[in-house]
Amino acid sequence: MANAVLVVRIKGQADCPYWASTTMDLLKLEKKYRAVILPAKDNLLGMLKKVQHYVSWVDLDADLAKELIDKKARKAGYKKVTPEDLKELGYASSAELAAALAEGKTMLSKLKPLKPWFALAPPRHGFKRSTKKLYGQKGILGRNKELGTIVRNMI
């Protein structure tokens with residue numbers, strides 16, 4: 001099992017019950033197409049199972065984490081993250097930070113000037129499967145093995 005997961009909110013705020021929106025707020029997924037990197041722990045996986053009809057997740061690899069950090073990481077004022085910012089945090093490069101995130105050693109919410117989420121765009125050429133069904137039912141929700149390619153289309 002992987003040490004970290006990438007979670008993306010697929011559905012918006014409309015008609016979302018209180019318990020699901022509260023859980024997604026705790027996961028820092030307030031808006032549609034927000035992504036977060038979280039360590040894979042039992043309590044987190046329970047939260048994901050609870051809101052699986054609104055989010056999609058996949059085990060994180062370092063390559064995807066590096067792409068997200070390079071292209072979509074933001075700091076206060078919604079400014080891009082520079083190599084100097086990474087050095088202040090104690091990381092030599094974005095690859096080193098991506099490796100630490102993928103291994104579950106750190107979280108974006110603990111790295112203070114950085115935003116704890118990534119704001120993604122809708123995927124280019126759309127979703128190839130239904131956004132209303134779980135992955136096992138020919139949809140994209142829940143644990144999704146193909147989410148890495150979808151996220152690359154959303155960057």
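Buried, in this talk, means under 20% relative accessible area, exposed means over 50%, and partly exposed is in between, with a 1.4 Å probe and protein chains only. Lysine 105 is exposed by that rule, because its relative accessibility is 66%.

Some ground rules. This is a predicted model, where local features need pLDDT of at least 70 and side-chain atom pairs count only at pLDDT 80 or more, while totals for chains, interfaces and linings use all residues. Residues are numbered from 1 along each chain as its sequence is written, and side-chain values use heavy atoms, with hydrogens and water left out.

Let me stay with lysine 105. Its salt-bridge partner is glutamate 103, with the closest N and O atoms 2.9 Å apart. A salt bridge here is a side-chain nitrogen of Lys or Arg within 4 Å of a carboxyl oxygen of Asp or Glu. Glutamate 103 is partly exposed, at 39% relative accessibility.

How many salt bridges does this rule give? The count comes to seven. Here are two more of them.

Aspartate 59 and arginine 143 meet through their side chains, 3.1 Å from N to O. Aspartate 59 sits in strand β3, residues 55-59, and arginine 143 in strand β8, residues 139-143, so this pair ties together parts 84 residues apart in sequence. Strands and helices are DSSP runs, numbered from the N terminus: E of at least two residues for strands, H or I of at least four for helices. Both ends are partly exposed: aspartate 59 has a relative accessible area of 34%, and arginine 143 has 40%.

Next, glutamate 146 with arginine 129. Their closest N and O atoms are 3.9 Å apart. This pair also links distant parts of the chain, 17 residues apart. Glutamate 146 is in the loop between β8 and α6 (147-154), and arginine 129 is in the loop between β6 (118-119) and β7 (130-134). Glutamate 146 is partly exposed at 37%. Arginine 129 is partly exposed too, at 26%.

Now a charge without such a partner. Lysine 72 is in helix α3, residues 62-72. Lysine 72 is buried, yet has no salt bridge. Which side chain of opposite charge is nearest to lysine 72? That is glutamate 67, 11 Å away. For charge, Lys and Arg count as positive and Asp and Glu as negative, with His and the chain ends not counted.

What does lysine 72 touch, leaving out residues up to four places away in sequence? The list is Glu67, Phe118, Ala119, Leu120, Met154 and Ile155. Contact means heavy atoms within 4.5 Å.

Turn to glutamate 67 itself. Glutamate 67 is in helix α3. Its relative accessible area is 24%, so glutamate 67 counts as partly exposed. Beyond its neighbours within four places, glutamate 67 is in contact with Lys72, Arg152 and Ile155.

Aspartate 85 is another buried charge, with a relative accessible area of 14%. Helix α4, residues 83-89, holds aspartate 85. Residues up to four places away aside, aspartate 85 touches Lys75 and Lys80. From aspartate 85 to leucine 114 is 29 residues in sequence and 9.0 Å in space, C-alpha to C-alpha.

Two backbone notes. Aspartate 15 has phi near 55 degrees, a positive value in a residue other than glycine. Aspartate 15 lies in the loop between β1 (4-9) and α1 (18-26), and is exposed at 79%. Tyrosine 78 also has a positive phi, near 55 degrees. Its loop runs between β4 (74-75) and β5 (79-80). Tyrosine 78 is partly exposed, at 43%.

Last, the pocket. On a 1 Å grid over the protein atoms alone, a pocket is an open set of points with protein on both sides within 12 Å along at least five of seven lines, and lining residues have an atom within 4 Å of a point.

Which residues lie nearest the centre of the largest pocket? They are Leu27, Leu38, Pro39, Leu44 and Met107, from a lining of 16 residues. The elements giving two or more residues to that lining are β2 (34-39) and α2 (42-50). β2 gives the most, with four. By type, the lining has 11 nonpolar, two polar and three charged residues. Nonpolar covers Ala, Val, Leu, Ile, Met, Phe, Trp, Tyr, Cys and Pro; charged covers Asp, Glu, Lys and Arg; the others, Gly among them, are polar.

Key:
1 Å grid on protein atoms, 1.4 Å probe; cavity = no way out; pocket = protein on both sides within 12 Å on 5 of 7 lines; lining within 4 Å.
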